[in-house]
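The sequence and the structure are shown first.

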Amino acid sequence: MAEVATKRPRWIGKSMPRVEDLRFLRGKGRYIDDLKLPNMAHAAILRSPYAHARIVRIDTSAAERLPGVYKVVTGKDVAERMNPLPTFAVGPIYQHLLAVDKVRYAGEAVAAVVAENRYIAEDACDLIEVEYEPLPPVVDPFEAMEPGAPLVHEALGSNIAYSRTFTFGDVEGDFANADHVVSARLRWPRSSAMPMETNGAIGDYDEGTGTLTIYANSMNFTYFQWLIATSLKIPASKLKVVPINAGGSFGSKFFMHKVPTMAGFLSMVAGRPVKYVEDRIDHILNNDHCGSDRYYDVSLAFDNDGTLRSLKIDCVDDYGAYLQFGTGTHGNALAQVVGPYRIQSVQYKLTAVLTNKNQQGAYRGFGSEVNNWVLERMVDLAARKLGMDRAEIRRKNFIRPEQFPYKIPTGNIYDSGNYEGVLDKALKLVDYEYWVGERERARQEGRYLGIGIVTAQERSVFSSTEFWFWFDQPSFPVTSSPESATITIDPTGKFVVTLHSLAFWGNSPETVVTQVVAEEFDVDPSDIVVTYADSQHALPGTGPGGSRFTVMVTGALVGASARLKEKIKKIAAHELEVSPDDLEFSEGKVRVKGSPDRALTLDQIALKAYMFRLDLPEDIESGLEASYTYDHPYTTLPSADRKDLGVFYPFVGHACHIAVVEVDPETGQFTYHKYAAVHDCGTVVNPMTLHGHITGGAVQGLGTALFEEYVYDESGQMLTASFMDYLVPTAMDVPRFDIDHQETPSPYTPYGIKGGGEGGRMMSPGAITAALEDALEPFGVRITELPITPSKIVGWIQQARGGQA
Amino acid sequence: MAEKHAITVTVNGRLYRAEVEPRRTLADFLREDLNLVGTHLGCEHGVCGNCTVLVDGKSTRSCLMFAVQADGREVLTVEGLAPNGDLHPLQRAFWEHHALQCGFCTPAMLLTAYEYLTTRPDAGTDEEIREAISGVLCRCTGYQNIVTAIRAAAKQMAPSP
């Protein structure tokens, strides 16, 4: 690290076109559904039509008689042959691959068919007879908390899976001493990552060796693959998960275990390879990765001069029927709960409720995007109460550059930042003064123009404590979240880099690796090939998620490079008869410092390393390969009393988004005049791909804010189970973004990189909400819920006009 | 199982004869029978447009068309855009302008843009490009770089003056 820090980077920071793209551009992406194994069968799943029902009887005989059907399985088979699926839940909240005894949401898997092709498998699903005894569903989380409500998990004795109040600092004192308090009830509805490619896997059980190979479009947490083996009751050593490119994830393929387990189980019972790829309805009803579904009561205490003092949050989160990641999504919120502001104390009450819906999982932001939206709403309320400019109240409360590293009340650390710099860049980029003037002019003309500003955090690189610090007696208080890399130089001097998790799901892991290795060895990117280990060969790897991958894989690559360079230098020093310390890497060569003519090329050294043992120093093994497992560089344990949660998400970026919109009050439609985004996520590895993340993430955030919602009716039926009802933004629905960067390196990470994968979605919901609210300011509208649909806008205006249209 | 029908379809300039069930979709015929897996299925409801191919030059949801309906017609898939191994100017522009991330919608986007540029060789306004591609959902890019890439490709494809 020291070596690279002193020299000007050649590849880091360059907008290099991605090395991943050529296969995808040609339609040769080799996604999971593109793969075919000899003798492979196809699966389809029968899903529950009820949100809550007891399974009385299942008759599979007609389905089994259909020509082309190989196997039909139900919850009975699963109960006999498998363990429940992995979970971070504490208490008896068990999920099975196929529902056992009762179903807990509409769409839960009840039976699976393996057949010659998908058409026949689906025909057979129609022939399965299931007798249900419908139970009263519990859909509303507040009704779920009432005494006597139907129980999602009877053994738990309550639908409240978790409830606790955390207090960080002197909240009551700060509220008592503050000049003002604003309060709001806020609602963030359930949406989902909705990648264009669904989850899929192929199971291939080899009866000869007892090894189960699963090809899957996700492989996070290679050191947790034993959990999948445990579900399947096979030795972890006989499970091989082969990672396959994913067609998008945005969190939805984060530790995706159910679909691979399904394909693996079906292959074991059917005795042949089985492919199971969710169709879109499977995915929407059942992806186990719905986003946060939260109801907030929030109060913010502040003074006459705009100083923000304290924050009280009371959140009810509707988790659905299971709790696979526990309440980790709120750990994410607590990582940056006070945003970029010097708020001194925080109270955070969380009530996690179980209802008859599909469970939550990960969606870009993992719950912290919600907290950003909530906090920025509250800061706007404070500004309006004081009549302060919304940019200036933010500026006044920013943590100052000299205060870093800065410990927030929850215990998490912000590593570095210059928030005012970002704000100023954004105000300039959008031409704030101009639009403030335009807004006034528009209002005089009876037009409704609004400006929305958010200045918010993008935490990156999770440690594992957020999954369990909620509990005094956590079930599994894991503290590891490593990433590994292996660098091999082949006998011809070319590089093969092996990654140890499935890093590709639309991000640019191979490009990052190529840029970092080219930087480390000063070699040409075209000499580097990137490949992925399967789980039997993988070193510990966690994969993407929580904007961790670029930071963590770079750490692993820097570590592996150092080991490999040391060996190369020893070989070269022996040959050149100099000290290894006198050597440096330059343009594909190892040369003597100060005498560049005395050099060996990497291919000369590689050939010696593999083929000419007698030319090597005595203590050098043949070959050129090194691995390194990089652990989270800065994480600490929570205190026993949980008044300090420790450091768990310390590489904290920052961004400012400013949207300028104009609303048509008659239709509730609006147009964008401008959308500017300035991000600071430390050292930028590839500006072009980072822009891509910001733009794509911001559009997803606009989807959440304006269009997307999982709507369940009172009987627990999903009303938005297709793209006709669940509205993903099209090219016509989104603005053009002006994007700029500031680079404030992290002092704790290799090259000073911070993660940047989620920032777009963590900012845009707040920016668009604030802009629309500002446009509707003449009506006094306060926007407290998403999605902000045209009909809601028209309704709010009508309400403001006293019911007059 | 229903009786199979004999069809003759030209795909990417090559003539195929096959027997298919009436319910077999064009998408499944391309992917499963011809092994042209560059055509991707995103929703199978005809909404996401990720399965778009060109049938007789017109963009078509291959998930909503049956293979038997393609009898006697010409289909272009992403594999036929640059059959000799080079990149089509659209593919090159998508690469240079980072117009793809996961790549799943990319074949449909490329074919949709290809059809659009045959009708609007100058690429028109950004609004027009956005309207032209609005039938294909992309969840990664936010569309901005796709618009840029289509404009850049149009410049490359324009006949030299």
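## Packing of α12 and α20 in chain A

In this predicted model, helices α12(A) and α20(A) cross in a right-handed sense. Helix α12 spans residues 368-386 of chain A and helix α20 spans residues 759-775 of chain A; the two pack at an angle of about 30 degrees, and their axes are 8 Å apart. Angles under 35 degrees count as roughly parallel, and α12(A) and α20(A) are therefore roughly parallel to each other.

On the α12(A) side, the contact consists of S368(A), E369(A), N372(A), W373(A), E376(A), R377(A) and D380(A). These residues meet R761(A), M762(A), M763(A), P765(A), G766(A), T769(A) and A770(A) of α20(A). By class, the residues of this contact comprise five nonpolar, four polar and five charged.

## Packing of α11 and α12 in chain A

Helix α12(A) also packs with helix α11, residues 328-335 of chain A: the axes come within 7 Å and cross at roughly 45 degrees. That angle makes α11(A) oblique to α12(A). The crossing of α11(A) and α12(A) is right-handed.

From α11(A), the residues N332(A), A333(A) and A335(A) take part, and from α12(A) the partners are S368(A), V370(A) and N371(A). Three nonpolar and three polar residues make up the contact of α11(A) with α12(A), with no charged residues.

## A four-stranded sheet in chain A

Chain A contains an open sheet of four strands in the order β18-β26-β27-β28, with mixed pairing. Its edge strands are β18 (448-460) and β28 (738-741) of chain A, each of which pairs on one side only. On average, neighbouring strands of this sheet are turned by 15 degrees against each other, direction ignored.

Within the sheet, strand β26 (residues 651-663) and strand β27 (residues 670-680) of chain A run antiparallel and are joined by 10 bridges. I658(A) stands opposite A676(A) of β27(A).

## Annotated region of chain A

An unreviewed UniProt entry carries the annotation "domain: Aldehyde oxidase/xanthine dehydrogenase a/b hammerhead" for residues 26-136 of chain A. Over residues 26-136 of chain A, the chain is 20% helix and 32% strand. The end C-alpha atoms of this stretch are 51 Å apart.

## Contact between chains A and B

Chain B and chain A each bring 40 residues to their contact. On the side of chain B that touches chain A, the elements that give two or more residues are α2 (89-96), α3 (106-119), α4 (126-133) and α5 (144-157) of chain B. Among these, α2(B) gives the most, with four residues. The residues on this side of chain B divide into 17 nonpolar, 16 polar and seven charged.

## Packing of α3 and α5 in chain B

Two of the elements on that side, α3(B) and α5(B), pack at an angle of about 50 degrees, with their axes 11 Å apart. The angle makes α3(B) oblique to α5(B), and α3(B) passes α5(B) in a right-handed crossing.

M109(B), A113(B) and L117(B) of α3(B) meet I146(B), I150(B), A153(B), A154(B) and M157(B) of α5(B). The contact of α3(B) with α5(B) has eight nonpolar residues, no polar residues and no charged residues.

Notes:
Residues are numbered from 1 along each chain as its sequence is written. Chains are lettered from A and ligands numbered from 1 in the order in which they are written. This is a predicted model: local features need pLDDT of at least 70, side-chain atom pairs count only at pLDDT 80 or more; totals for chains, interfaces and linings use all residues. Two strands pair if DSSP finds at least two bridges between them. Axes are lines fitted to C-alpha atoms, for helices over the stretch in contact, and angles run from 0 to 180 degrees between N-to-C directions. Angles under 35 degrees count as roughly parallel, over 145 as roughly antiparallel, 65 to 115 as roughly perpendicular and the rest as oblique. A crossing is left-handed if the near helix is turned anticlockwise from the far one by less than a right angle, and right-handed if clockwise. Two residues are in contact if their C-beta atoms, placed from the backbone, lie within 7 Å. Ala, Val, Leu, Ile, Met, Phe, Trp, Tyr, Cys and Pro count as nonpolar, Asp, Glu, Lys and Arg as charged, and the others, Gly among them, as polar. UniProt positions are given in the numbering used here, feature names are shortened, and annotations may be inferred rather than shown by experiment.
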